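Q: Please take a close look at the aromatic side chains in this predicted model. Which rings pair, where do they sit in the chain, and what else stands out in the backbone and around the rings?

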Amino acid sequence: MKLPRGSILLIALATIPAHADSATIVTGSLGGTSDFVFRGLSLTRGKPAAQGSIDVEFPKEFYIGAFAATCDPNAGPSPNLEVDIWAGRYWRVSEDFSADFRLSQYTYPDDPRRKSYNRTEVTGTVGFHNQVFFATSYSPEVEAVASSPGYVEGQTWAFELSGRHPINDRFAISAGFGHYALEDVYHDSYNYWNVTLTATLAPFELQLAYLGVDDSAADHFDEDAVGDRVALTALWRFSNQ
């Protein structure tokens, strides 16, 4: 079960397209959110963002994809766009378990900030009954993330546990908890979480999320990028199936 970009892993659970068995499948979305949040930190400092994504899934469960969103992570010089690309493979390990391996690149074109916020990330995910997921992400060389430069360049890890439960054909509830290990870069780490209600009104989708981050994030990131918040996301989804 391939997991696209989201404010936390669980946000993406409602956006997973079907996997291709013998044909190439193209899926994507266009829309916006009231607050672009990733791993508990707002990349728009509480302001709305436009966003879009596309996934191309090939036979044998290989896939590539891209995500783009407007952003404004810093009060001073700041990039106005984030662009991410990824490639990966999905496996149905057994009737109960699945696995996913992904290589992602996060980029900020024309970024005026002095340090590079671009980074490469490797993510491995294990799924149980396509409803509960555990993911581990690793970045080998990171100078900065979100709204603040790091103190030194180093490695980062993220660990996320999330799940999604359908209420009926239209509504689903998701929840998740994550830990972002930034000791090499910021000499600290923090926890983040959210609860999300998703309404599927095909081809449209609405997500109402309550997102939080613990107090240690405020020691390193801008005040308007941290703290508990509510985000509403509206998407139009398309597919060639």
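A: Searching the whole structure of this predicted model gives 11 aromatic pairs. One of them joins Tyr 138 and Trp 157, whose ring centres are 4.7 Å apart with 45° between the planes. Tyr 138 belongs to strand S9 (residues 132-145) and Trp 157 to strand S10 (residues 148-166), so the pair links distant parts of the chain, 19 residues apart. Tyr 138 has 23% relative accessibility and therefore counts as partly exposed. Trp 157, at 36% relative accessibility, is also partly exposed.

A second tilted pair is made by Tyr 186 and Phe 221, with 5.0 Å from centre to centre and 50° between the planes. Here too distant parts of the chain are linked: Tyr 186 is in helix H2 (residues 183-186), while Phe 221 is in the loop between strand S13 (204-213) and strand S14 (229-239), 35 residues apart. Tyr 186 is buried, with a relative accessible area of 1%. Phe 221 counts as buried because its relative accessibility is 5%, and the cut-off for buried is under 20%.

Tyr 186 and Phe 221 are also members of one aromatic cluster, together with Tyr 151, Tyr 180, Tyr 190 and Tyr 192.

Arg 113 lies over the face of Tyr 108, at 5.3 Å from the ring centre. Arg 113 also lies over the face of Tyr 117, where the distance to the ring centre is 3.4 Å.

The backbone has some points to note as well. The peptide bond between Ala 202 and Pro 203 is cis, and its omega is near 10°. Pro 203 is placed in the loop between strand S12 (188-201) and S13.

Arg 39 is not a glycine, yet it has a positive phi of about 50°. This residue is in the loop between strand S2 (37-38) and strand S3 (41-42). With 3% relative accessibility, Arg 39 counts as buried.

His 129, again not a glycine, has a positive phi of about 55°. Its place is in the loop between strand S8 (119-128) and S9, and S9 is the strand that holds Tyr 138. At 42% relative accessibility, His 129 counts as partly exposed, whereas Arg 39 is buried.

Methods
Residues are numbered from 1 along each chain as its sequence is written. This is a predicted model: local features need pLDDT of at least 70, side-chain atom pairs count only at pLDDT 80 or more; totals for chains, interfaces and linings use all residues. Side-chain values use heavy atoms; hydrogens and water are left out. Rings of Phe, Tyr and Trp (its six-membered ring) pair if their centres lie within 6.5 Å; planes under 30 degrees apart count as stacked, over 60 as edge-to-face and the rest as tilted. Helices (H or I, at least four residues) and strands (E, at least two) are DSSP runs, numbered from the N terminus. Buried means under 20% relative accessible area, exposed over 50%, partly exposed in between (1.4 Å probe, protein chains only). A charge sits over a ring if NZ of Lys or CZ of Arg is within 6 Å of the ring centre and within 35 degrees of the ring normal.
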